[in-house]
Amino acid sequence: MKSMTNIDSFGHVRGESLFIDDLDIKRNTLFALVFDSSKAHGKIKNLDISKAETIEGVIKIFTYKDIPGENQIGGILPDEPLLAENLVDYIGQPIAIIIAISEKIAKKAKAHIEIEIDELPIITGAKEAASQNQFINAPRTIKLGNTKKGFETSDFIFEGEVFTNGQEHLYLETQGAYAEPMENGNIKITSSTQGPTQVQKGVAKVLGIGMHKIEVDVIRLGGGFGGKEDQATPWAAMAALAAYRLRKPVKLILSRHDDLRMTGKRHPYESNFKIGLSKELKIMAFEVEFFQNSGAAADLSPAIAERTLFHATNSYFIPNVKTTVYSCKTNLPPNTAFRGFGGPQGMFVMEAAIAKVAHEIGVTSKEIQEINLFQEKDKTHYGQILTDVESRNSWNSAIKEFNYKKLYKDITSFNKKNKDFKKGIALMPICFGISFTNTPMNNARALVHVYQDGSIGISTGAVEMGQGVNTKLITIAAQSFSIAPEKIKIETTNTTRVANTSPSAASSTADLNGKALLKACLTIVKRLKNLAAKELKVNVQEISLHDELVYVKDKKSTLTWKVLIEKAMLERVALTENAHYATPIIHYNKTDEKGHPFAYHVFGTAILTSTVDCIRGTYTFDSIKIVHDYGKSMSKGIDLGQVEGALAQGIGWMTMEEIAYDKSGMLLSNALSTYKIPDIFSISEDINIKPLDTKGNEMAILKSKAVGEPPLMYGIGAYFAIQNAIKEFNPNYKMNFHTPMTPEKVLMGLYQN
Ligand code: MTE
Ligand code: HPA
Ligand code: MOS
């Protein structure tokens with residue numbers, strides 16, 4: 001089947017696609033604005049909303065006292081109030097919700113709320129928190145072999161420290177929800193969430209009513225990137241609380257400033273590593289301690305920490321490994337899921353350790369990377385035996401197809417000839433596990449209706465956020481029924497039609513929902529084939545469906561799809577099916593920290609080259625060449641877009657996006673004037689992404705592998721391509737691993753002595 005183009009393309013370009021703020025709102029709609037903490041830590045001594053409430057047009061100001069159910073929205077641990085009670089833990093923490101007849105009036109009222117906070121000591125750094133025993137939960141360790149013995153047999157041993165900064169999601173559509181009271185105390189919420197069930201569950205808890213009374217509907221998101229996996233819930237809960245109490249529809253949309261200040265980001269990590277290698281450059285032992293800056297509440301931090309541990313050796317087999325993670329409690333907004341879900345933070349430390357060794361002993365990182373790449377049947381530190389390993393395959397393809405030798409030679413000769421400009425090159429292999437690390441979450445459902453005119457409506461738990469999952473779902477259904485994609489509609493994601501869903505995350509949305517959909521479609525196809533066999537008086541094995549026509553023994557019959565469906569109605573054949581899919585094989589035991597958590601892994605290798613302007617500290621990427629393992633891609637254009645987008649986001653994280661809080665816990669990078677994200681010129685004019693030729697993986701839907709997150713980690717190579725150029729200029733450069741590699745840092749590195 002030919003790959004479909006994204007069904008949303010035209011709507012997006014014409015501005016016709018609907019987001020929360022585009023919805024026609026009901027006549028009586030009220031507007032909500034959040035009053036948040038201006039202090040990062042303290043006791044609320046006094047909160048006075050009386051003046052604000054008297055302003056004309058203000059309907060009501062809600063505090064925690066107005067919550068009929070539980071004031072609790074913690075997903076993994078119950079440690080996060082919806083609205084602060086007596087304590088505030090970060091700047092931007094919601095304290096009250098102002099409801100007014102317009103946003104303008106709500107803003108005016110906000111200035112009239114008075115609050116007195118007795119300040120308490122503030123912690124903003126992860127190691128700082130650890131030194132004061134401020135943790136979210138107990139640390140976790142995953143081990144393999146015996147690192148002590150591994151270091152004893154090592155010829156080279158090096159240690160180092162690493163810092164990776166956070167990252168702002170910067171979804172185009174800010175957080176928001178629209179809540180409407182329905183009859184009998186029911187509530188309908190249209191939310192910009194990756195997790196409709198998370199919202200339904202959170203709202204039920206806050207309102208103290210059953211989940212059945214809450215319907216959550218998601219049209220699509222203007223981007224999520226992990227930022228709406230858990231953190232869409234509070235805004236929906238606030239809108240729902242007001243709608244429930246006032247019996248009026250309530251709209252709550254965060255302004256960009258509020259969104260930047262109030263929501264969590266990618267976790268910054270501070271880490272220590274120790275690495276040991278043999279003379280032959282085999283990594284014999286690797287120890288790493290991760291200090292995750294979790295922010296003021298758990299949110300998804302424990303799950304993210306777990307994935308950091310799983311990806312701590314990136315694409316390398318190491319016989320002796322000890323990885324430990326500490327989730328550290330700080331006075332920042334709770335940090336959260338972000339494309340890669342802790343994996344990138346783990347992989348960066350591994351690459352930093354290799355770069356350090358290479359620098360110290362005078363070899364290239366490439367020599368170390370190459371020798372240690374995973375091979376078929378290698379056992380990871382978490383116990384999974386790797387199969388269909390493409391590490392060496394993608395590495396060798398990249399080196400050969402993109403003529404690494406020539407790239408390297410050209411760079412070497414350029415560097416010999418030039419003083420003010422230096423070039424650097426880096427290779428970045430990736431290996432990313434596909435499945436929610438939390439095994440029970442790996443399930444999905446699909447509801448398929450074939451309407452009596454032969455057209456089809458599909459509901460699943462998948463949320464479209466720009467990643468193109470709806471187009472993939474149509475592809476699956478169109479292929480199963482062999483009908484035109486135009487006859488198929490993907491309905492909104494709605495908790496009333498598909499319940500108990502996992503969030504659209506972990507790059508697994510198409511796999512999980514697509515497999516459920518395939519199952520439902522094939523059940524209906526089977527019924528229709530039986531009917532066709534009866535009608536045509538042939539054996540059912542001889543029946544097949546092609547291009548809206550029934551075939552018998554691969555020959556056209558007179559029975560069309562449309563007539564077949566009409567007959568199905570007359571014969572009272574069920575044209576609706578609901579199917580459930582749960583990933584087989586996977587399991588994990590958190591007590592012994594061993595198992596088989598991933599359905600499969602995605603592999604690939606990137607080669608990045610950079611030029612550094614050694615007067616100014618600025619840099620460009622001359623070329624980025626990638627061999628990526630798509631399996632058998634079902635949507636080539638969409639998947640290419642995912643690789644390009646993730647790559648840009650990874651490069652942004654590594655080189656320019658600099659989250660900054662001051663000592664008082666205030667976000668300094670609170671606008672796009674102070675937070676720089678990559679544009680088309682920041683990446684490279686010469687990007688070449690080639691698919692790795694493989695047989696594909698049965699665990700992936702139609703053998704088309706998950707693609708959403710893995711390519712972000714190619715961006716890690718950008719840091720090292722720049723660092724290698726700095727090394728060419730300054731023989732005194734001391735290796736340091738502190739992201740992002742901004743031009744300021746480059747300049748300091750160039751002239752360090
Ligand atoms: N692509 C776009 N355009 N917008 C997004 O918000 N989110 C990323 C990735 N690609 C995202 C995206 C993240 S964090 C994940 S987990 C996956 O898409 C989720 O979708 P999938 O499971 O369908 O790959
Ligand atoms: N990835 C993304 N989201 C998740 C995961 C994961 O592995 N586990 C729980 N939520
Ligand atoms: Mo993606 S971080 O799993 O939403």
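Which side chain has an N or O atom 2.9 Å from a nitrogen atom of ligand 2? The side chain belongs to Glu 229, and the rest of that site is described below.

## About the model

This is a predicted model, in which local features need pLDDT of at least 70 and side-chain atom pairs count only at pLDDT 80 or more, while totals for chains, interfaces and linings use all residues. Residues are numbered from 1 along each chain as its sequence is written, chains are lettered from A and ligands numbered from 1 in the order in which they are written, and side-chain values use heavy atoms, with hydrogens and water left out.

## The two ligand sites

Let's start with ligand 2. Around this ligand sit Glu 229, Arg 307, Phe 341, Ser 435, Phe 436, Thr 437, Met 441, Ala 505 and Ala 506 (a residue counts as near if one of its heavy atoms lies within 4 Å of the molecule). Thr 437 takes part through its backbone, with an N or O atom 3.1 Å from an oxygen atom of ligand 2. For reference, a polar contact is a pair of N or O atoms within 3.5 Å; within protein, one must be able to donate a hydrogen and the other to accept it, and residues adjacent in sequence count only if both atoms are side-chain atoms.

Ligand 1 has 16 residues around it, the closest being Gly 224, Phe 225, Met 465, Thr 509 and Gln 642. A polar backbone atom of Met 465 lies 2.8 Å from a nitrogen atom of this ligand. Gln 467 uses a polar side-chain atom, 3.1 Å from an oxygen atom of ligand 1, and Ser 508 has a polar backbone atom 3.1 Å from an oxygen atom of ligand 1.

Two packed helices are described by the angle between their axes and the distance between the axes. Here helices and strands are DSSP runs numbered from the N terminus (helices H or I, at least four residues; strands E, at least two). Axes are lines fitted to C-alpha atoms, for helices over the stretch in contact, and angles run from 0 to 180 degrees between N-to-C directions.

Helix 14 (residues 469-481) and helix 15 (residues 509-536) have axes that come within 9 Å and cross at roughly 25 degrees. Helix 14 is therefore roughly parallel to helix 15 (angles under 35 degrees count as roughly parallel, over 145 as roughly antiparallel, 65 to 115 as roughly perpendicular and the rest as oblique). Residues in the contact (heavy atoms within 4.5 Å) include Val 469, Leu 473 and Phe 481 of helix 14 and Thr 509, Leu 517 and Val 525 of helix 15. By class, this contact of helix 14 with helix 15 has 12 nonpolar, four polar and one charged residues. In this classification, Ala, Val, Leu, Ile, Met, Phe, Trp, Tyr, Cys and Pro are nonpolar, Asp, Glu, Lys and Arg are charged, and the others, Gly among them, are polar.

## Two further helix pairs

Helix 18 (residues 716-729) and helix 19 (residues 743-750) pack at about 30 degrees, with axes 9 Å apart, so helix 18 is roughly parallel to helix 19. Ile 722, Ile 726 and Phe 729 of helix 18 meet Val 746, Gly 749 and Leu 750 of helix 19. Five of these residues are nonpolar, one is polar and none is charged.

The axes of helix 10 (residues 343-361) and helix 11 (residues 365-372) come within 8 Å and cross at roughly 125 degrees, which means helix 10 is oblique to helix 11. Their contact involves Glu 351, Ile 354, Ala 355, Val 357 and Ala 358 of helix 10 with Ser 365, Ile 368 and Gln 369 of helix 11.

## Backbone details

Most residues other than glycine have a negative phi, and most peptide bonds are trans. The bond from Thr 739 to Pro 740 is cis, with omega near -5 degrees, and Pro 740 is in the loop between strand 30 (737-738) and helix 19. Asp 547 has a positive phi, near 45 degrees, and lies in the loop between strand 21 (543-546) and strand 22 (549-552).
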